[in-house]
Structures are given as structure tokens and as C-alpha cells.
Amino acid sequence: MKPVKFSTFFFTLLVGLIFQLYPWSNAGIIVRPDFLLVIMLYWLLQAPYHCNIGWVWFAGLLVDLSTGSLLGQHALTFAITAFLGLIYQRRLVLFNRWQLYLYVLFLFGVERGLILLLKLFAGGELPDWTYAFPIVSDLILWQFMIIWFGELTRPKKL
């Protein structure tokens, strides 16, 4: 597999930010995936030489600023999710497709759970069952990332 160009990485981040900032309404806002989280997590696992936890934290901060949520809420959850993703980064290439999907689903679930926990600490109300919909749409977006940019592969030995 060819190394990923920084321009490709940056372009996908820009597209993700545009979709994140798009004014979603009605059902779209319920199922809207965390575009920046999915894109950052993919590049973090696929091309760690371009993306690191600091980039992911910064993307979370952009989401906080763009959505008007509690400052640092998404930055913290994105960084924790990225850290959990990096723990098994070397082993992920050994996983089969379904194991990888389960692990990524776990990561997206952790992010949503942490956001919920932070909202409850801030005095928010418990959301309804549709709160988990973005996890599924995150997984669908993850599949598109794999189709467009390839599956996670084992790094070549030098």
C-alpha cells in the first residue's frame, strides 16, 4: 500500500469539517455521524505518521466551537477514543473485518457514552433511545472510508 499524502489527509479533514458544520435538521440531526471523529480515527489507525492524538484533540475542539457545546467536551472524548484506538493499533491489522467493526463500534460507543456522561455531569437530561443512532451512522461512514481509502493494513518491514 502506498503511503498516504498529507494533502489527502488534509482534504478529508476539510470535507469532514464542512459536513460537520452543515446545518442538519429533522431526522438528519438525529443520525448525523461525528464526521471528524470517524475521519480522524481512520487516519490515526491508517496513517499515524500524519495524525496523532493532538490532531484528534484539536478536531474535537473544532467540534466544540462549531456546535456551541461545553468547551473541551468533544476534545476530551475524541482524545480518549483516539487513545483507546491507538492501544490496539498494531493488533487491529490482525483482526478480521468483523472483529475490526466490533472494535470500531466499541470506540464509537465509548465516545457517545463519554459525551453522555459529561452532559449528565453538566446538569443535562437523560436522552431518549435515539441517542445511539449516530454510532450506527459512524460505522457506515467508517465503511465508506474503507471503500475510498482502503482497509487497515499491516505496516511493511523496512
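Predicted model: local features only at pLDDT ≥ 70, side-chain atom pairs only at ≥ 80, totals over all residues.
**View 1. The salt bridge between glutamate 151 and arginine 97.** The structure holds 1 salt bridge, and in this view the side chains of glutamate 151 and arginine 97 meet with a distance of 2.4 Å from N to O. Because arginine 97 belongs to helix H7 (residues 97–121) while glutamate 151 lies in the segment after helix H8 (133–149), the pair ties together parts that are 54 residues apart in sequence. Glutamate 151 is partly exposed, having a relative accessible area of 33%, and arginine 97 also counts as partly exposed, with a relative accessibility of 43%. Side chains of opposite charge can pair when their charged atoms come close.

**View 2. The largest nonpolar core and tryptophan 142.** This core has 34 residues, and those that touch the most other members are Leu41, Tyr42, Trp43, Cys51, Phe108, Trp142 and Leu152. Two or more residues are given to the core by each of helix H1 (6–21), helix H3 (35–46), helix H4 (53–67), helix H5 (73–87), H7 and H8, and the largest share, 11 residues, comes from H3. When residues up to four places away in sequence are not counted, tryptophan 142 touches Val38, Leu41, Tyr42, Leu45, Tyr101, Val104, Phe108 and Leu152. In soluble globular proteins, nonpolar side chains tend to be buried together.

**View 3. The lining of the second largest pocket.** The second largest pocket has a volume of about 320 Å³, and of the 17 residues that line this pocket, Ile29, Arg32, Arg112, Lys119 and Pro134 are the closest to its centre. At least two residues of the lining are supplied by each of helix H2 (27–31), H4, H5 and H7, with the largest share, 3 residues, coming from H7. Sorted by class, the lining of this pocket comprises 6 nonpolar, 6 polar and 5 charged residues. Rolling a probe the size of a water molecule over the atoms shows where empty space is left.

**View 4. Glycine 85 in helix H5.** Glycine 85 is buried, with a relative accessible area of 0%. Once its neighbours within four places in sequence are left aside, glycine 85 is in contact with Leu45, Leu92, Tyr103 and Leu107. The view may also be used to follow the chain from glycine 85 to leucine 100, a residue 15 places apart from glycine 85 along the chain, where the two C-alpha atoms are separated by 11 Å.

Methods
Residues numbered from 1 in each chain as written. Heavy atoms only, no water. Salt bridge = Lys/Arg side-chain N within 4 Å of Asp/Glu carboxyl O. Helix = DSSP H or I, 4+ residues; strand = E, 2+ residues; numbered from the N terminus. Buried < 20%, exposed > 50% of the residue type's maximum accessible area, 1.4 Å probe, protein only. Core = buried A, V, L, I, M, F, W, Y, C linked by side-chain atoms within 4.5 Å. Contact = heavy atoms within 4.5 Å. 1 Å grid on protein atoms, 1.4 Å probe; cavity = no way out; pocket = protein on both sides within 12 Å on 5 of 7 lines; lining within 4 Å. Points joined across faces, edges and corners; volume = space filled by probe spheres on them. Nonpolar A, V, L, I, M, F, W, Y, C, P; charged D, E, K, R; others polar.
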